[in-house]
Amino acid sequence: MELLIVLGRVFSSAAANVFQKQFTHKGLHSLFIVMLSYLVLACISLPLLILVEYNAIDHSFWINILLAALLDMAGTLFLVLSLSKTDLSVFGPLNAYKVVISMILALIFLGEVPSFQGLSGVIIILLGSFLLFPPATTASANRLSQLFMQRGVQYRFLSILLFSIGTLPLKNAVLSGGALATTVYWCLFGLPLSIGLYYWFGGKRWQMDWQAAREHRSHFLWLGGFIFLMQYTTMLIFSQLLVAYSLALFQLSMVLQVFLGYRIFHEKHIIRRLAACVVMIAGCLMVLTT
């Protein structure tokens with residue numbers, strides 16, 4: 001059952017990323033994509049409110065879920081911005097840096113010094129990054145700096161950072177309120193936040209974005225459904241304390257994303273990027289098993 005939950009999370013995450021990237025190709029504003037996603041999520045969540053066991057929820061739940069919803073909504077925005085500027089087959093393998101950022105955060109806030117094996121895993125992840133792009137055309141060019149200087153990659157790192165910070169209040173919310181309540185209120189609290197951001201930064205595009213979105217209403221329903229499934233399976237994993245186990249298996253999603261980038265968006269260098277996945281997964285496993 002645990003493996004099925006993790007695989008469901010891997011598949012739904014990759015499928016959601018495909019839809020998000022397709023919408024950015026259609027010229028929709030990133031904030032509009034996020035807002036409409038949360039609108040679908042809210043429609044899914046509202047009927048589920050009757051299933052929430054409010055007697056089991058303590059006061060700390062509301063603070064944690066509000067903070068997590070804020071961080072994750074911002075993380076989702078940068079995720080969509082990243083997909084608008086980066087190949088899916090590059091975006092996917094960058095997920096390996098989640099364990100690197102988590103290690104850095106643990107060092108800064110918890111004083112956890114990484115072991116030699118953990119540091120070796122980070123170095124392997126960095127080496128795998130070299131394979132995400134074709135060989136440099138000039139001897140002086142640095143492929144790693146080429147990677148990190150891309151705006152889409154920078155957005156991806158920002159999204160990973162926000163999601164990583166948001167994991168702590170999110171897990172606390174699951175432990176104090178349960179997987180279903182956390183998922184439902186994560187969706188509901190994210191909607192007004194996303195509406196406010198879109199109104200403030202992209203409201204002038206409303207008619208243009210809405211007109212374009214009307215032609216793809218069913219696709220937005222699929223996107224919302226996949227995000228809900230991804231979030232709920234993540235909450236189930238947190239509630240069953242399978243975090244280390246799941247983080248290792250989550251890395252399999254990068255292989256799926258490289259394949260989907262090649263198959264759907266006709267992205268190039270698939271062999272190099274699959275090789276990068278293998279190297280970076282090995283580095284992740286070294287970090288996670290320390």
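This is a predicted model: local features need pLDDT of at least 70, side-chain atom pairs count only at pLDDT 80 or more; totals for chains, interfaces and linings use all residues.
## Overall fold

Along the principal axes, the C-alpha trace spans about 60 × 45 × 35 Å. As for cover, buried residues account for 51% of the 290 residues.

## Helix H2

H2 takes in residues 30-45, which makes 16 residues. From first C-alpha to last it reaches 23 Å, close to the expected 22 Å. This helix is mostly covered, with 13 of its 16 residues buried.

## Helix H13

H13 runs over residues 252-265 and has 14 residues; its reach of 20 Å is close to the 20 Å expected. The buried residues here are Ser-253, Met-254, Gln-257, Val-258, Leu-260, Gly-261 and Phe-265. They sit on the same side of H13 because they cover an arc of only 165° around the axis. As a reminder, an α-helix has 3.6 residues a turn, so residues three or four places apart point the same way.

Just after H13, His-266 takes a positive phi of about 55°.

## A nonpolar surface patch

Ile-104, Leu-107, Ile-108, Phe-109 and Val-113 make up a nonpolar patch on the surface, and together they have about 560 Å² of accessible area.

Val-113 belongs to the loop between helix H5 (97-110) and helix H6 (116-129). With a relative accessible area of 68%, Val-113 counts as exposed.

Note on methods: Residues are numbered from 1 along each chain as its sequence is written. Side-chain values use heavy atoms; hydrogens and water are left out. Helices (H or I, at least four residues) and strands (E, at least two) are DSSP runs, numbered from the N terminus. The expected span of a helix is 1.5 Å times one less than its number of residues. Buried means under 20% relative accessible area, exposed over 50%, partly exposed in between (1.4 Å probe, protein chains only). The arc is that of the directions from the helix axis to the C-beta atoms. Patches are made of residues with over 30% relative accessible area and no salt bridge: like charges are joined within 9 Å, nonpolar side chains (Val, Leu, Ile, Met, Phe, Trp, Tyr) within 5 Å. Accessible areas come from the Shrake-Rupley method with a 1.4 Å probe; for residues, only the protein chains shown count as cover. A salt bridge is a side-chain nitrogen of Lys or Arg within 4 Å of a carboxyl oxygen of Asp or Glu.
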